[in-house]
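Open the model in your viewer and keep the sequence panel beside it. Each stop below says what to select and what is there.

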Amino acid sequence: MPDARRYDLIVFDWDGTLMDSTAGIVLSMQHAFREHGLPQPERSAVRQVIGLGMDEALQQLAPLLPVDERIPLGQSFRAAWPIYGRQAALYEGAHALLGTLQQAGYTLAVATGMSRRGLEQALDQTGLRPMFAATRCAEESFSKPHPAMLLELLDELFHPADRALMVGDTTHDLQMAANAGVEAVALTQGAHDAAQLVLVPHRVMLANLAELAGWLEP
């Protein structure tokens with residue numbers, strides 16, 4: 001178990017890490033494809049692209065789709081989210097965990113494949129905005145697993161990579177951290193399972209946020 005002061009900055013992914021939104025994302029993406037007369041992607045295929053930026057996700061799900069047709073497909077996904085994602089909620093204990101970490105002196109941040117608009121809405125709806133010193137979205141940087149979002153957060157918040165920790169539920173999160181020289185915690189509660197996560201560098205694999213709280217205790 002690491003010392004509590006091994007890290008000064010903890011960066012969280014959003015979907016599948018802080019919010020239980022995997023099912024809503026899958027249904028919204030399938031709806032978007034149907035709306036545009038495209039073959040509906042399998043649930044497993046959508047789960048694999050969760051965490052990527054929208055363009056990168058659509059490129060993987062529909063590699064033959066012309067670039068200019070991805071924009072309306074992404075718009076349809078965002079329009080469907082309020083319907084299919086209405087049951088999405090923070091994982092149990094997420095709010096309390098973040099509050100405890102903040103009070104303990106950790107700097108907290110978010111690096112997500114969500115759009116800026118989507119993240120802003122989620123921060124307001126969940127009341128988590130005051131918890132985070134900074135946030136980054138793929139559309140304003142580079143999609144995971146590119147390290148840019150993490151490197152920008154490190155620069156903005158004046159923390160070295162060896163004092164930072166990334167917490168995520170996908171191989172995209174873990175690979176981004178590895179590319180940035182940042183240690184990572186893999187959570188198996190979200191989009192990617194343990195068999196996938198174990199293939200990417202990480203410091204520890206945990207089942208959920210409750211285990212993360214225990215692992216971070218001195």
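## Stop 1: two domains

Start with the two domain centres: taken over C-alpha atoms, those of domain 1 and domain 2 are 22 Å apart. This is a predicted model, in which local features need pLDDT of at least 70, side-chain atom pairs count only at pLDDT 80 or more, and totals for chains, interfaces and linings use all residues. Residues are numbered from 1 along each chain as its sequence is written, and side-chain values use heavy atoms, with hydrogens and water left out.

Colour by domain. Domain 1 takes 9–20 + 88–216, and domain 2 takes 22–85. These bounds come from an automatic or database domain assignment.

Now select the contact between them. Domain 1 gives 15 residues and domain 2 gives 14 residues; contact here means heavy atoms within 4.5 Å. The two domains bury about 1100 Å² between them, with 45% of it on carbon and sulfur atoms. Buried area is the accessible area (1.4 Å probe) that two parts lose on being put together, summed over both.

Which residues of domain 1 lose the most area to domain 2? Select Ser143, His172 and Ala191: together they make up 35% of what that side buries.

Next, the polar side of the interface. Eight residue pairs are in polar contact across the interface, both residues at pLDDT 80 or more. A polar contact is a pair of N or O atoms within 3.5 Å; within protein, one must be able to donate a hydrogen and the other to accept it, and residues adjacent in sequence count only if both atoms are side-chain atoms. Salt bridges between domain 1 and domain 2 number zero. A salt bridge needs a side-chain nitrogen of Lys or Arg within 4 Å of a carboxyl oxygen of Asp or Glu.

## Stop 2: serine 21 and threonine 22

Select serine 21. It sits in the loop between strand S2 (19–20) and helix H1 (22–35). Helices (H or I, at least four residues) and strands (E, at least two) are DSSP runs, numbered from the N terminus.

Is serine 21 buried or exposed? Serine 21 is buried, at a relative accessible area of 1%. Buried means under 20% relative accessible area, exposed over 50%, and partly exposed in between (1.4 Å probe, protein chains only). Show its side chain with that of aspartate 15: a polar contact of 2.5 Å joins them. Leaving aside neighbours within four places in sequence, serine 21 is in contact with Asp15, Gly16, Trp81 and Ala88.

Step to threonine 22, in helix H1. Threonine 22 is buried too, with a relative accessible area of 7%. Not counting residues up to four places away in sequence, threonine 22 touches Gly16, Arg47, Ile50, Gly190 and Ala191.

## Stop 3: the cores

Select Phe12, Trp14, Phe132 and Leu212. Of the 32 residues in the largest nonpolar core, these touch the most other members. Elements that give two or more residues to this core include strand S1 (9–12), helix H5 (94–103), strand S4 (107–112) and helix H10 (209–216). Apart from it lies another core, of 22 residues, among them Val11, Ala138, Leu154 and Met166. A nonpolar core is a set of buried Ala, Val, Leu, Ile, Met, Phe, Trp, Tyr and Cys residues joined through side-chain atoms within 4.5 Å.

Move to helix H7 (residues 148–157). Its buried residues include Ala148, Met149, Leu150 and Leu153. Among what covers the buried residues of H7 are strand S5 (134–137) and helix H8 (171–180). Just after H7, phenylalanine 158 takes a positive phi of about 60 degrees.

## Stop 4: salt bridges

The salt-bridge count comes to 12.

- Aspartate 8 and arginine 163: the closest N and O atoms are 2.8 Å apart. Aspartate 8 is in the segment before S1 and arginine 163 in the loop between H7 and S6, 155 residues apart.
- Arginine 116 and glutamate 140: 2.5 Å, N to O. Arginine 116 lies in helix H6 and glutamate 140 in the loop between S5 and H7, so the pair ties together parts that are 24 residues apart in sequence.
- Arginine 203 and glutamate 183: the closest N and O atoms are 3.6 Å apart. Arginine 203 is partly exposed at 38% relative accessible area, and glutamate 183 is partly exposed at 27%.

Finish on the network of salt bridges that links Arg116, Glu120, Asp124, Arg129 and Glu140.
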